[in-house]
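Welcome! Take a look at the sequence and structure, then read on.

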Amino acid sequence: MIGGDPRDEAPGAMDLTWVGYEAVLALYPEVAGDLADVAKWMECGIEELSLCMAEEPMAGYSELAARLLDSHRDFPDDARRTRRILRLLKEGERQLPVFVDDRDGFLMEGRHRVVAFKMAGVESLTVVRVRRNEGRGAGHG
């Protein structure tokens with residue numbers, strides 16, 4: 001499994017408001033492809049997702065970042081993507097969120113970002129926790 005659940009290090013993350021995909025796209029239009037991929041992971045359409053955004057400490061993702069960085073020697077494309085993100089961060093690009101399954105903390109989208117954020121010394125990252133609506137309206141998670 002990629003992940004682990006860092007919520008113990010992010011008190012209050014569970015108390016935040018759950019929203020639909022439109023709210024995330026309004027803030028981060030660049031992640032439309034990520035949301036489509038997340039919906040595939042969850043085996044639903046993006047309109048069936050409930051999302052909760054929160055700033056979480058990088059410390060909760062440090063071990064994962066180290067494991068992913070270790071895999072770069074075996075996966076050179078991952079290393080290139082991570083270096084590109086790191087370069088963009090150094091050039092002033094804003095951080096994009098990572099997407100985590102709320103049930104188990106699995107990192108669905110943002111592996112390369114987590115590694116680049118760790119390499120850049122980022123202390124917190126925006127995490128979008130994801131649930132499938134299961135028949136309820138968005139925001140009623």
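Which strands does helix H2 lie across? In this predicted model, helix H2 (residues 32–41) lies across E1, E2, E3 and strand E4 (124–132).

- Four strands make up an open sheet, and their order is E1-E4-E2-E3.
- The pairing in this sheet is mixed.
- At the edges are strand E1 (49–57) and strand E3 (107–109), each of which pairs on one side only.
- From one strand to the next, the twist averages 35 degrees.
- Strand E2 (residues 98–101) pairs with E3 in the antiparallel sense, over two bridges.
- Within these two strands, valine 100 stands opposite leucine 107 in E3.

**Helices across the sheet**
- Helix H2 runs at about 130 degrees to E3.
- Helix H5 (residues 111–120) lies across E2, E3 and E4, and H5 runs at about 120 degrees to E2.

**The largest pocket**
- The largest pocket has a volume of about 440 Å³.
- Its lining is made of 18 residues, and those that lie nearest the centre of the pocket are Arg81, Arg84, Ile85, Leu96 and Arg113.
- Helix H4 (76–90), E3 and H5 are the elements that give two or more residues to this lining.
- H4 gives the most, with five residues.
- Sorted by class, the lining has nine charged, six nonpolar and three polar residues.

Key: Residues are numbered from 1 along each chain as its sequence is written. This is a predicted model: local features need pLDDT of at least 70, side-chain atom pairs count only at pLDDT 80 or more; totals for chains, interfaces and linings use all residues. Side-chain values use heavy atoms; hydrogens and water are left out. Two strands pair if DSSP finds at least two bridges between them. Axes are lines fitted to C-alpha atoms, for helices over the stretch in contact, and angles run from 0 to 180 degrees between N-to-C directions. Contact means heavy atoms within 4.5 Å. On a 1 Å grid over the protein atoms alone, a cavity is a set of points where a 1.4 Å probe fits but cannot get out, and a pocket is an open set with protein on both sides within 12 Å along at least five of seven lines; lining residues have an atom within 4 Å of a point. Grid points are joined across faces, edges and corners, and a volume is the space filled by probe spheres set on the points. Ala, Val, Leu, Ile, Met, Phe, Trp, Tyr, Cys and Pro count as nonpolar, Asp, Glu, Lys and Arg as charged, and the others, Gly among them, as polar.
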